[in-house]
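We will go from stop to stop, selecting a few residues each time.

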Amino acid sequence: MTFWSDPIRFVADWLLGVLTGWGLTESASDAILMVLGAVALITFALVFDIFLVWVERKVVARFQDRLGPNRLGPFGLFQPFADVIKLIIKEDITPAGANKFLYNLAPVLSIGSVLLLWAVIPLAPRIYGLDMNVGLLYVVAAGALGTLAIIFAGWASNNKYALLGAFRLVATMVAYEVPMVVVLLIPAILADSLSIWQITASQNIWYVILSPLGALIFLIAAIAELGRSPFDLTEAESEIVAGYNIEYSGMKFGLFYAGELLHAFTFGGFVAILFFGGWRGPGAEQYPLLGAFYFMLKAMIGYWVIMWVKYTVPRIRIDHMLAFNWKFLTPLSLVVLMVTAVLDKVLAGVAPWLYALIMFLSNLLIAWVTIEILRALGRRAGEQAVTQQVARY
Amino acid sequence: MQTEWLYIGLFLVLGMVMPAMALMISWLVAPKKPNPIKQSTYECGVETVGEAWVQFKAEYYIFALAFLIFDVETVFLFPWALALDKLPLFAVVEGIVFILILLAGLVYLWRKGELEWA
């Protein structure tokens, strides 16, 4: 066993040797290694987060036909470090009427809930924090913790705008959690497992081919869960100033911002893991670091798509948003789930390529029927509008 | 199994302590010059009337009920989805019927006009 075939085991064995050499017992060394591993993973996520600030600023600049940060270091790469220093030395203002405990807890919980997700993300075949047998349920649960943080922030600020922002977030979360959880069942059916590692490992055919509609619904629901545009009603500047984080300044705001970016990247990562094969790629089994590279690349593409949507689509009204979820996304996701379940059962034992083909065609069929229904409804609404216009004159 | 949850607990604690350290550093180096104007609630420059901790009409309690029903439904569906390969076809169809009943509930809500934001 060398470093390249299993870097984590290699480093762990070496550290274990060092620690036992110092006279520590086996279990104490194991505990220390566990803590060190968690610290390393969290540090990686946080440092990567700083890099994400640069990516976000550079990409939004390109979308808006600007250059973005380009003065500090190569390609402006050191700009986010300057941002962090500036945020740290800024005065922290706590509003007089706020509930101090929850007000201070909220930003920490907001980023903590995202870091919790990193515990189960498989970066590569043998590089992961934890292979949980209830991974998917855990992801849903940890995601809900972030919502709780934002409700804390909105309520504890004692500000009407902040409270309205938090209320809107509850409406979003309560709505879009349903299609998201339903769609999460599809990889579970295809892989026969809730373990995220197992779902990645069983994707000989990417699940996006078996269930393109599922991937699309998951992406939309994820964007809504993130509270990013076009679903960013929690921080609609033109209506409620800055929403839940209106009273936050300095590093506390910085934590919210960092948490939001890392959350978006993490969900880009989940799209990659659940539907695009995660770390799978040529040579990933022999060289885990290559697998980690594939995963990061796919996650970055997912994150880029989320950014693309954010900077292209205008914000939609809250009643439209809820109608879109309850009248379109939820029924569609349930139909996709039913079709996938029945086909998976009926097609047990056929050749993989035939299985994939029928799954793909069934999704195309659902999409076509949906579009036809929408077209018919749209035509009827248009005709009604015309008759009303005619009746008025 | 227990070590798994211990690891998650460790992750939760570390994931909150490490960002909190940034706040501590900020607390050490940042200036602290509070005054009543600065600490007043920011509502676009207009002086605040009353506090925000009032009873408020939530528009979406029907949505919340529907959400609860569907969320509980998916919790029931997770074991069904996992055991799909071992179940006979009849049990799979039963699961489908279960989903259809809930869809009927959604259609009922829709027809009643409870899915409108009002």
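**Stop 1: helix 3 of chain A**

The buried residues of helix 3 of chain A pack against helix 2 (26–63) and helix 11 of chain A, together with helix 1 of chain B. Select A:Q79, A:P80, A:D83, A:L87 and A:I88, the buried residues of this helix (residues 79–88). Buried means under 20% relative accessible area, exposed over 50%, and partly exposed in between, with a 1.4 Å probe and protein chains only. Helices (H or I, at least four residues) are DSSP runs, numbered from the N terminus.

Before moving on, note that this is a predicted model: local features need pLDDT of at least 70, side-chain atom pairs count only at pLDDT 80 or more, and totals for chains, interfaces and linings use all residues. Residues are numbered from 1 along each chain as its sequence is written, chains are lettered from A and ligands numbered from 1 in the order in which they are written, and side-chain values use heavy atoms, with hydrogens and water left out.

**Stop 2: where chain A meets chain B**

Select helix 4 (residues 100–117) of chain A and helix 1 (residues 2–29) of chain B. They pack at an angle of about 135°, with their axes 8 Å apart. Axes are lines fitted to C-alpha atoms, for helices over the stretch in contact, and angles run from 0 to 180 degrees between N-to-C directions. That angle makes helix 4 of chain A oblique to helix 1 of chain B. (Under 35 degrees counts as roughly parallel, over 145 as roughly antiparallel, 65 to 115 as roughly perpendicular and the rest as oblique.)

Now show the side chains. Contacts (heavy atoms within 4.5 Å) involve residues including A:L105, A:V108 and A:G112 from helix 4 of chain A, and B:F11, B:G15 and B:P19 from helix 1 of chain B.

Stay in chain B and select B:W27 and B:K32. B:K32 lies over the face of B:W27, at 5.0 Å from the ring centre. A charge sits over a ring if NZ of Lys or CZ of Arg is within 6 Å of the ring centre and within 35 degrees of the ring normal.

**Stop 3: helices 11 and 12 of chain A**

Helix 11 and helix 12 of chain A pack at about 120°, with axes 7 Å apart. That makes helix 11 of chain A oblique to helix 12 of chain A. Among the contact residues are A:A264, A:F265 and A:G268 of helix 11 of chain A, and A:A299, A:Y303 and A:I306 of helix 12 of chain A.

**Stop 4: aromatic rings**

How many aromatic pairs does the structure hold over all chains? There are 25. Rings of Phe, Tyr and Trp (its six-membered ring) pair if their centres lie within 6.5 Å; planes under 30 degrees apart count as stacked, over 60 as edge-to-face and the rest as tilted.

Select A:W197 and A:W279. Their ring centres are 6.3 Å apart and their planes at 40°, so the pair is tilted. A:W197 is in helix 7 (residues 196–201) of chain A and A:W279 in the loop between helix 11 (250–275) and helix 12 (288–312) of chain A, so the pair ties together parts 82 residues apart in sequence. A:W197 is partly exposed, at 23%; A:W279 is buried, at 1%.

A:T200 is buried, at 0% relative accessibility. Its contacts include A:W279 and A:R280.

Finish with the cluster that ring pairs make of A:F44, A:F48, A:F51, A:W54, A:W118, A:F265 and A:Y303.

Methods. Helix = DSSP H or I, 4+ residues; strand = E, 2+ residues; numbered from the N terminus. Lists of a residue's contacts leave out its neighbours within four places in sequence.
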